[in-house]
Amino acid sequence: TLYEYWRRYPQEMAALVLTCGKPQPDTEANRETRRESMRAAQQPGGLEKFFDHAADTLVGATARRLSPEVRTAARAMMDALPLEAMLPVQRGLMQRPDSVPTLATIQVPVCVLAGGEDPSSTPAEMRVIAEQAPHAEFHLLEDAGHYAPFEQPHKVAAFIGNFLDRKYKPQHFVSAARKASGAVRLGTPK
């Protein structure tokens with residue numbers, strides 16, 4: 001996850017955009033649901049049922065109603081994931097650490113995007129990022145689910161573009177000597 005990447009390589013990051021990816025670990029109830037889903041997925045026809053359920057819950061209700069092709073496309077992409085890959089993904093999600101304590105250590109600008117129709121990383125869970133990370137801002141896409149960037153790519157791109165435009169200012173008029181010395185990085189944070 002990006003949280004783990006931050007813990008390992010903070011010097012490599014100039015900013016973070018966290019979209020529909022909560023920092024909290026799974027609850028015991030969520031882990032049990034995943035275990036049951038993994039068992040069911042291993043039965044004949046189970047993987048297809050797992051993906052149908054995922055598409056019906058992770059794609060927001062608004063997108064499913066107004067743009068059913070989004071749900072169809074998301075579901076079709078899931079078919080590319082074999083059982084042998086789905087199971088480790090689910091195990092990884094079950095075992096992810098609590099990243100809430102990490103949030104206070106994030107010293108770069110953070111743009112948090114939450115889907116109002118996301119049952120997997122709820123707006124309340126995502127808001128914790130903006131409350132704990134010192135340089136974070138929170139944005140809610142009320143009519144988007146967990147697949148917000150897929151459901152509303154133009155809105156998500158606008159949020160990210162605006163965030164980057166506000167946080168990073170190109171420095172067009174830096175002297176050639178300073179550029180040559182490496183003392184100035186273009187696009188440094190404001």
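**H2 against H6**

I looked up which residues join these two helices: Arg31, Arg34, Arg35, Met38 and Ala41 in H2 meet Leu83, Met86, Leu87, Gln90, Arg91, Leu93 and Met94 in H6. Contact here means heavy atoms within 4.5 Å. Helices are DSSP runs (H or I, at least four residues), numbered from the N terminus.

This is a predicted model, in which local features need pLDDT of at least 70 and side-chain atom pairs count only at pLDDT 80 or more, while totals for chains, interfaces and linings use all residues. Residues are numbered from 1 along each chain as its sequence is written, and side-chain values use heavy atoms, with hydrogens and water left out.

Next I checked the geometry: the axes of H2 and H6 come within 10 Å and cross at roughly 170°. That makes H2 roughly antiparallel to H6 (over 145 degrees; under 35 is roughly parallel, 65 to 115 roughly perpendicular, the rest oblique). Axes are lines fitted to C-alpha atoms, for helices over the stretch in contact, with angles from 0 to 180 degrees between N-to-C directions.

I sorted the H2–H6 contact by class and got 7 nonpolar, 1 polar and 4 charged residues. My classes: Ala, Val, Leu, Ile, Met, Phe, Trp, Tyr, Cys and Pro are nonpolar, Asp, Glu, Lys and Arg are charged, and the others, Gly among them, are polar.

**Arg34**

Buried or exposed, I asked of Arg34? Arg34 is buried, at a relative accessible area of 16% (buried is under 20%, exposed over 50%, partly exposed in between, with a 1.4 Å probe and protein chains only). Arg34 sits in H2, residues 28–41. Leaving out residues up to four places away in sequence, I found Arg34 touching Asp26, Gln90, Leu93, Met94 and Arg96.

**H3 against H6**

I then turned to H3 (residues 46–58) and H6 (residues 83–95), which pack at about 50° with axes 11 Å apart. That makes H3 oblique to H6. The contact uses Leu47, Phe50 and Phe51 of H3 plus Leu83, Met86 and Gln90 of H6.

**Lys49**

I also looked at Lys49, which lies in H3 and is exposed at 61% relative accessible area. Lys49 and Ser37 are 12 residues apart in sequence, and their C-alpha atoms are 9.4 Å apart.

**Cysteines**

How many disulfides are there in the whole structure? My search found 0, taking a disulfide as a pair of cysteine sulfur atoms within 2.5 Å. Cys20 is buried at 5% relative accessible area, and Cys111 is buried at 0%.
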